[in-house]
Amino acid sequence: MDSRMPTIVNAMSVDVEDYFHVAALAGSIDRSRWDDMEYRAEENTRRLLDLFDEFQMKSTFFVLGWVAHRSPQLIREIHRRGHEVASHGMSHKLVYNQTPAEFASETYTSKALLEDLIGEPVLGYRASTYSITKRSLWALDILKEAGFAYDSSIFPIRHDAYGIPDAQPVPGLVATPKGAHIVEFPMSTAPMFGVRLPVSGGGYFRLLPYSLTRAGLHKLNEKLQRPFIFYLHPWEIDPQQPRVKTKLLSKLRHYTNLDRCEARLRRLIGEFRFAPVRDVLRSKQLLARETSRPMATPEGAYAQ
């Protein structure tokens, strides 16, 4: 190991979805067209699996239920290759655009689907587009009741589509509206220039200069002695993906620097230490070693 590499182990995560699932393109691609779109998630996810093998690194893959239905063998392969399989919901609908009953049904269904594929409990959840916000905190109670051990959906920034600006920026227990508690690993921000700078990955990783992201992450590890969580999507290493006509802002968010993302990711993995989310939380004594599969059903808990 490079002696200059930070000693803190951080969480690597992949949101397994395809380019046509993303919220930025939702206004241009109707859900009814998904089955007819060119499907690239399987190939791109395997590219990430191979890259992680090259660096002898393990990650958490938050899998969209739609992809699991389409590519069950891919989900089994992720698990077989030693990575954590977690849930990214079923349909990529924003949580705050769902009713509690609809969200519960999707959440239980996606969790059961993944557990049947890998043969062990699924511990983690991440909402589409980080859509657990102040108006959808009720979702945390549903996640707790469904048997999830941790959530990674809250972004402690101000954004037009998501974010809870005053949320805690470090992993820890958070209270649910019903008074229960669940472990939250929020998306990482670094205090820079008087603001919380998003340095977790995704579009920020592609849009911001790598040097700025790197500086923020080193600050978290070295000065604050805090692990960070990093995320990306398989489509972000795919500059050959089909181009969709959409609004200028959506185009900038989705397509900027796709051709640079994989090279930047290689630099990142070479400069920092990574492990699956569950392993980082266990190292912080926030997650137990054993978690049992829940027996509740969404109909029983949310029949109203």
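How many nonpolar, polar and charged residues are in the lining of the largest pocket? By class, this lining has 13 nonpolar, 12 polar and seven charged residues. Here Ala, Val, Leu, Ile, Met, Phe, Trp, Tyr, Cys and Pro count as nonpolar, Asp, Glu, Lys and Arg as charged, and the others, Gly among them, as polar.

The model is predicted: local features need pLDDT of at least 70, side-chain atom pairs count only at pLDDT 80 or more, and totals for chains, interfaces and linings use all residues. Residues are numbered from 1 along each chain as its sequence is written, and side-chain values use heavy atoms, with hydrogens and water left out.

Stop 1: Select Ala24, Thr129, His159, Tyr162 and Arg253, which are the closest to the centre of the largest pocket among its 32 lining residues. Its volume is about 700 Å³. On a 1 Å grid over the protein atoms alone, a pocket is an open set of points with protein on both sides within 12 Å along at least five of seven lines, a cavity is a set where a 1.4 Å probe fits but cannot get out, and lining residues have an atom within 4 Å of a point. A volume is the space filled by probe spheres set on the points, which are joined across faces, edges and corners.

Next, colour helix H6 (202–207) and helix H8 (248–255), the elements that give two or more residues to this lining. H6 provides the largest share, five residues. Helices (H or I, at least four residues) and strands (E, at least two) are DSSP runs, numbered from the N terminus.

**Stop 2: the cavity.** Select Gly89, Met90, Lys93, Glu106 and Tyr125, which lie nearest the centre of the largest cavity, lined by 14 residues. Its volume is about 70 Å³. Helix H4 (residues 100–118) gives the largest share of the lining, three residues.

**Stop 3: the core.** Select Met12, Ile75 and Leu268, the residues with the most contacts inside the largest nonpolar core, which has 94 residues. Such a core is a set of buried Ala, Val, Leu, Ile, Met, Phe, Trp, Tyr and Cys residues joined through side-chain atoms within 4.5 Å; buried means under 20% relative accessible area (1.4 Å probe, protein chains only). Leaving aside neighbours within four places in sequence, Ile75 is in contact (heavy atoms within 4.5 Å) with Val63, Ala68, Val85, Leu114, Leu117 and Ile118.

**Stop 4: a strand.** In strand S3 (residues 84–87), Glu84 and Ala86 on one side and Val85 and Ser87 on the other are all buried.

Terms used
Buried < 20%, exposed > 50% of the residue type's maximum accessible area, 1.4 Å probe, protein only.
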